[in-house]
Amino acid sequence: MIPKSGAEYPYLLEAFGPIPAFLFSWSSIMVIKPSAFAIICLSFAEYVSAPFYPGCDPPVAVIKCLATAAIVGITVLNSLSVKWTSYVQNILTATKMVIIIIIIVSGIVLLAKGNTKNFNNSFDGSSISVGGISLAFYSGLFAYDGWNQLNYITEELKNPYRNLPLAIIIGIPMVTVCYILINISYFTVMTATELLQSQAVAVTFGDRVLYPASWIVPLFVALSALGAANGTCFTSGRLAYVAGREGHMLKVLSYISVKRLTPAPAIIFYGTVSFFYIIPGDINTLINYFSFAVWLFYGLTVLGLIIMRYTRKDLKRPIKIYVIIPIIVVLVAIILVLAPIISAPEFAYLYCVLFIFSGLIFYVLFVHYKFAWAQKISEPITMHLQMLLEVVPPEELTE
């Protein structure tokens, strides 16, 4: 119905107007997407370093340096070439499927041999609370996050009306089945306690099942994480590009490289912000922080679908859906956002909300009123970046 890049951003813009769309772009570009990029790069760093520190956790400094190197490398690649980024993504996706098949087949063989003791009384000692379940959903849903990534590059897809829903319909069930089977495989050799204590679960699995060829597990999982990070950078950089094009971010973020035809300023800005999320470096904290903010906007976006059934009846709807489904999603989003705050309130959630609404200050100064002094500051920055990166507005490339 809205065939524009930027995922939730154009949907919120059409449904609710510029302010919610700006707050989404502000939160996503400054928090949600960079923190996700940092989480994946930290995971990559843990798997790369784990084999070099058997029996103990790798030093934090080593993990952070490797994660930073991954961010820099991926940012440079995405800035230089769309074609090479796609090639690298295809190769890394293929390696991901190889390690998935190895782990799943190994687990099936172990189950066939009767390794089922870790599935007995699996939930003994568990505590059940609404807040606890919500936090568990945060981690679980984070594993599946990415189902909306293609929506960030809708304008770059061939025949999006066919290929976008087809990719989602094929991709999400495949990912779900693979993810569940991999976790079943892990539990054939690890108890729940051992799984929680493992710094890199797949490495522990490989050491117990595939020795002496266990080295292939951290290698392939690291490449898999690198592929996820590369895909995240490729798609999320387009959000900064679209927001810049709409005037909701610095105009230079919407510029395109003259030689390479990539949104280089947007990608470099995204990589730079992601670097700062490496500094705290605690993955679980980042996931909770990320999930709280992202489900706030997921719920608002799906609510927009319901509202536009009544406010924009004139729009053509190539794909239709029963209204009960978005209603359920909105209710789930409300529970996921409110339950942890009510059951286990933390200042981190308050900081997150304050940060989201602090975007209103920037909106008023730079977007709504467009104060002259703000433009005087941004214009020389734009000019120097344009010369340094050799970028121009996209409309100049089509002239």
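Buried, on this tour, means under 20% relative accessible area, exposed means over 50%, and partly exposed is in between (1.4 Å probe, protein chains only). Keep that in mind as you click through this predicted model, in which local features need pLDDT of at least 70, side-chain atom pairs count only at pLDDT 80 or more, and totals for chains, interfaces and linings use all residues. Residues are numbered from 1 along each chain as its sequence is written, and side-chain values use heavy atoms, with hydrogens and water left out.

**Stop 1: colour by confidence**

Colour the chain by pLDDT, the predictor's confidence in each residue, from 0 to 100. The mean for the protein chain is 83, and 93% of its residues reach 70 or more. Now select residues 60-80: this is helix α3, which has the highest mean pLDDT among the elements, 91. Helix α15 (residues 394-398) has the lowest, 65. Where pLDDT is low, the predicted coordinates should not be read in detail. The element names come from DSSP runs numbered from the N terminus: helices are H or I with at least four residues, strands are E with at least two.

**Stop 2: a buried serine**

Select Ser257, which sits in strand β1 (residues 256-257). Its relative accessible area is 2%, so Ser257 is buried.

**Stop 3**

Next, show helix α2 (residues 18-49). The expected span of a helix is 1.5 Å times one less than its number of residues. Because 27 of its 32 residues are buried, α2 is largely enclosed by the rest of the structure.

Then move to helix α13 (residues 347-368), whose 22 residues reach 31 Å from first C-alpha to last, close to the 32 Å expected. A kink of about 35 degrees is centred on Phe362. Pick out the buried residues of α13: Tyr349, Cys352, Ile356, Gly359, Tyr363 and Val367. An α-helix has 3.6 residues a turn, so residues three or four places apart point the same way.

**Stop 4: a loop residue**

Select Asn159, in the loop between α5 (130-144) and α6. Its phi is near 50 degrees, a positive value in a residue other than glycine. At 42% relative accessibility, Asn159 counts as partly exposed.

**Stop 5: the second largest pocket**

Finish with the second largest pocket, which holds about 1,300 Å³ of space. Of the 36 residues that line this pocket, the closest to its centre are Tyr11, Asn151, Leu305, Ile319 and Ile321. (On a 1 Å grid over the protein atoms alone, a pocket is an open set of points where a 1.4 Å probe fits, with protein on both sides within 12 Å along at least five of seven lines; lining residues have an atom within 4 Å of a point.) Show α1 (8-16), α6 (160-187), α11 (283-311) and α12 (324-343), each of which supplies at least two lining residues. The largest share, 8 residues, comes from α11.

Technical notes:
Points joined across faces, edges and corners; volume = space filled by probe spheres on them. Bend = angle between axes of the 7 residues up to and from the residue.
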